[in-house]
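Look at the model first, then read on.

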Amino acid sequence: MLSSKHILGMDDLTSDDIARVLETAESFAEVNQRRIKKLPTLRGLTVVNLFLEPSTRTRTSFEIAAKRLSADGINFTASASATVKGESLRDTAATLSAMNCDLVIIRHKYAGAPRILSEMMDCSIVNGGDGIHEHPTQALLDLYTMKGALGHLEGLRVGIVGDIAHSRVAGSLVPALRKVGATPVVIAPPTLLPSRPDVLGAEVAWDLDEQLPSLDVAYMLRVQMERSDGGMPFPSLREYARFYGMNARRLAAMKPEAIVMHPGPMNRGVEISADVADGDRSLVLTQVESGVAVRMAVMYLLLGGADSGVAA
Ligand code: NCD
């Protein structure tokens with residue numbers, strides 16, 4: 001079990017909870033290597049994917065995770081749901097409650113939508129990304145991936161590079177790293193930092209090249225043009241790539257065992273060059289793979305926990 005019924009943000013998870021999720025995910029990762037990848041653990045339980053903002057990888061990852069645990073998964077997407085017809089989140093919550101679902105994963109363009117849902121429904125709520133706020137399961141799968149590649153989390157120095165201001169991934173990854181004893185360093189031009197970067201609890205740096213030799217992980221973020229209100233927060237994409245893009249030259253300046261990560265979707269040639277993205281020190285696809293195991297672990301611990309008796 002976890003200490004909270006919901007995962008709305010990293011505040012809901014203690015460092016023990018995080019350790020439990022990562023450990024449970026390891027057993028599920030093993031199941032995911034089998035030919036028959038299905039366990040009866042959550043049979044009879046209903047998991048709703050309420051994705052009211054575009055998403056492919058996160059939605060499919062939750063969907064596969066639910067299926068592998070034998071839960072009944074229902075997808076609500078923005079275009080298919082009544083929200084485009086003007087239904088409020090409150091009405092959607094009431095409708096879902098009336099259907100007696102056990103877990104809702106919500107992605108929403110507004111920060112705080114998962115919390116509103118948790119106040120209106122009895123079931124568990126997992127935040128699948130809310131506006132520019134948090135994306136806790138992404139942070140968990142990133143910790144899992146780092147631990148798998150580097151053997152430990154404590155003491156790692158992780159550079160989170162790029163569009164921090166608009167990144168819910170950074171919003172969860174910074175506190176997640178702190179909880180496991182790693183050091184997050186946000187590296188970005190001032191126009192891509194929030195107005196008070198110090199409240200994030202990360203070290204703040206502007207010069208990527210200066211930081212590279214001391215990093216264990218370079219975590220590259222997508223430049224979120226869709227959240228920039230039309231104006232570019234830097235002179236040109238080429239200039240951005242020149243100062244903040246990961247490329248072969250920069251990779252060579254890192255420790256030999258250091259790794260490169262990206263939550264996807266990637267803008268190849270902007271925040272990461274194609275050769276690095278496809279190279280052997282990039283963990284982009286490992287992150288996707290870990291995502292399924294980690295989301296299985298989250299669902300298992302929220303819904304079944306130790307009582308279900310069908311651990312992996
Ligand atoms: C991220 C997201 O949607 O917040 N992607 C993801 O979940 N894999 C990051 C992004 O959109 O850049």
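A pocket is defined on a 1 Å grid over the protein atoms alone: it is an open set of points with protein on both sides within 12 Å along at least five of seven lines. A molecule sits in a pocket if more than half of its atoms lie within 2 Å of its grid points. By that test, the ligand sits in the largest pocket. The model is predicted, so local features need pLDDT of at least 70, side-chain atom pairs count only at pLDDT 80 or more, and totals for chains, interfaces and linings use all residues. Residues are numbered from 1 along each chain as its sequence is written, and side-chain values use heavy atoms, with hydrogens and water left out.

**The shell around the ligand**
- The ligand is surrounded by Arg57, Thr58, Arg107, His135, Gln138, Arg168, Val169, Arg222, Gln224, Pro263, Gly264 and Pro265, where near means a heavy atom within 4 Å.
- The shell divides into 3 nonpolar, 5 polar and 4 charged residues.
- In that scheme, Ala, Val, Leu, Ile, Met, Phe, Trp, Tyr, Cys and Pro are nonpolar, Asp, Glu, Lys and Arg are charged, and the others, Gly among them, are polar.
- Domain 1 (10-131 + 288-307) and domain 2 (136-284) both give residues to this shell, so the ligand lies between them; the bounds come from an automatic or database domain assignment.

**Polar contacts (N or O pairs within 3.5 Å)**
- A side-chain N or O atom of arginine 168 is 2.6 Å from a ligand oxygen.
- Arginine 222 places a polar side-chain atom 2.7 Å from an oxygen of the ligand.
- Proline 263 uses a backbone N or O atom, 3.0 Å from a ligand nitrogen.
- The protein covers 94% of the 320 Å² of accessible area that the ligand has on its own (Shrake-Rupley method, 1.4 Å probe).

**Backbone features**
- Glycine 264 and proline 265 are joined by a cis peptide bond, with omega about -5 degrees.
- Serine 70 has a positive phi, near 65 degrees.
- Most residues other than glycine have a negative phi, and most peptide bonds are trans.

Methods
A polar contact is a pair of N or O atoms within 3.5 Å; within protein, one must be able to donate a hydrogen and the other to accept it, and residues adjacent in sequence count only if both atoms are side-chain atoms. On a 1 Å grid over the protein atoms alone, a cavity is a set of points where a 1.4 Å probe fits but cannot get out, and a pocket is an open set with protein on both sides within 12 Å along at least five of seven lines; lining residues have an atom within 4 Å of a point.
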